[in-house]
Amino acid sequence: CHVTQPLLHEQLREWGIDISVGQINALLSGANAGFFAEKDQLLVTSLEVSRHITVDDSGARHRGHNGYVTQIGNDWFAWFASTGSKSRINFLQLLHAGHITYSLNEHALSYLREERLPKEPLRRLQAHTHATIAEVTCREAHLDATEGALLGGLIDKGFSPDLVIVSDGAGQFAILLHALCWVHAERLVHKLIPLNERHRQDQERVRSEIWDLYADLKAYQRDPDPTLAPALEARYDAIFTQRTSFATLNQLLKRLHAHKQKLLLVLKRPDIVLHTNGSEGDIRGHVKWRKISGGTRSDLGKRCRDGFASLKKTCRKLGISFWNYLGDRIEQHGQIPPLPDIIRERAAAARGP
């Protein structure tokens with residue numbers, strides 16, 4: 001609840017409880033193997049049964065150094081991991097949810113072609129098709145192919161190439177089916193500073209057109225009709241290829257038009273979301289912790305922070321009292337099923353008979 005250990009200690013002492021700060025730390029961070037195992041399985045199961053996920057990241061200091069926390073989630077779960085990097089390699093490693101494997105299969109080679117890996121390294125890597133790179137030394141020998149090999153390993157594990165990843169446009173999340181957040185796209189237009197009244201009017205008109213299209217995309221999402229897709233695409237083109245009196249706005253619209261496929265993926269996949277509001281809301285807790293306590297000082301503390309944040313947010317999304325969940329796990333009542341099992345049931349119910 002965003003309360004530091006010194007304040008917890010002060011409160012407990014006011015209640016007449018004789019306890020040290022060190023004992024509070026031991027109670028909070030000790031004997032949590034069961035919680036950690038359930039948190040790790042959350043991601044494995046959720047990626048297996050979900051049709052889409054949203055992602056986000058934010059700063060998270062650890063041992064006095066700047067780092068990052070990555071959020072992965074949807075309506076059923078939220079999962080957090082703090083690392084020292086927010087690269088695409090880091091994101092792919094997080095998706096492995098534990099044991100990381102590298103595989104140079106056809107998915108990996110296709111990814112490398114899309115990323116325009118030079119022909120000669122690609123030719124040499126093709127000789128290793130379907131080979132699994134398990135040793136670090138082997139991976140380093142093919143450093144340029146690390147991203148592709150990580151992606152290939154994910155696919156070999158059963159990761160669905162049809163899983164849509166919705167992000168705010170950060171490059172580290174751009175893998176497989178990648179959709180962009182409409183709220184972040186419009187925010188770029190909103191943040192422009194007009195130089196005169198005509199610029200301001202053009203900016204407001206474009207923003208209104210974007211939100212009107214967004215509303216119609218939401219309606220399409222609720223009741224998909226493929227015959228309406230061409231008209232929605234034409235409106236997208238009209239908005240993002242228009243010329244206004246505001247040169248900076250024109251450049252931005254041209255850049256957004258280049259992302260048409262990612263912003264209109266909903267026309268092919270109406271089951272996905274149009275924004276990353278859920279991820280931004282989930283990760284706000286880590287932002288508060290950063291402001292309150294600065295960061296974690298031990299690897300165990302970092303694991304506890306990410307682990308219990310994942311379990312707490314997931315309980316809230318599943319309609320389960322986190323207080324009751326903690327009591328059930330600590331006292332071993334067994335009344336609340338494992339959270340991954342509940343998520344699997346929700347996914348099966350959503351798919352229908």
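Helices, as the term is used here, are DSSP runs of H or I with at least four residues, numbered from the N terminus. The model under discussion is predicted. Helix α8 covers residues 146–156, and G158, which follows α8, has a positive phi near 110°.

**Helix α8**

- Nine of the eleven residues of α8 are buried, and the helix is mostly covered.
- The buried residues of α8 include T146, G148, A149 and L150.
- Further along α8, L151, G152, G153, L154 and I155 are buried as well.

**The open sheet**

- Five strands make up an open sheet of mixed pairing, in the order β4-β3-β1-β7-β8.
- Because β4 and β8 (177–180) stand at the edges with a single partner strand each, one side of each has no neighbour in the sheet.
- From one strand to the next, the twist averages 25°.
- Helix α3 (residues 33–49) packs on the sheet and touches β1, β3 and β4.
- The direction of α3 makes about 120° with that of β4.
- In general, the strands of a sheet pair through backbone hydrogen bonds, in either a parallel or an antiparallel manner.

**Strand β3 and its partners**

- Strand β3 (residues 68–73) is largely enclosed by the rest of the structure, because five of its six residues are buried.
- With strand β1 (residues 52–59), β3 forms an antiparallel pairing over six bridges.
- Within this pairing, Y68 of β3 stands opposite G59, while V69 of β3 is the bridge partner of S58.
- With strand β4 (residues 78–83), β3 is again paired in the antiparallel sense, over six bridges.
- T70 has A81 in β4 as its bridge partner.
- β3 and β4 form a hairpin, with four residues between the two strands.

**Nonpolar cores**

- The largest nonpolar core contains 50 residues, and I72, Y325 and L339 have the most contacts inside it.
- Helix α3 supplies the largest share of this core, namely six residues.
- Apart from its neighbours within four places in sequence, L339 is in contact with residues that include E38, L42, L311 and T314.
- Other contacts of L339 include C315, L318, I320, Y325 and R329.
- A second, separate core has 31 residues, among them A179, Y214, F240 and I272.
- In soluble globular proteins, nonpolar side chains tend to be buried together.

Definitions and conventions: Residues numbered from 1 in each chain as written. Predicted model: local features only at pLDDT ≥ 70, side-chain atom pairs only at ≥ 80, totals over all residues. Heavy atoms only, no water. Buried < 20%, exposed > 50% of the residue type's maximum accessible area, 1.4 Å probe, protein only. Pairing = 2+ DSSP bridges. Axes fitted to C-alpha atoms, helices over the stretch in contact; angles between N-to-C directions. Contact = heavy atoms within 4.5 Å. Core = buried A, V, L, I, M, F, W, Y, C linked by side-chain atoms within 4.5 Å.
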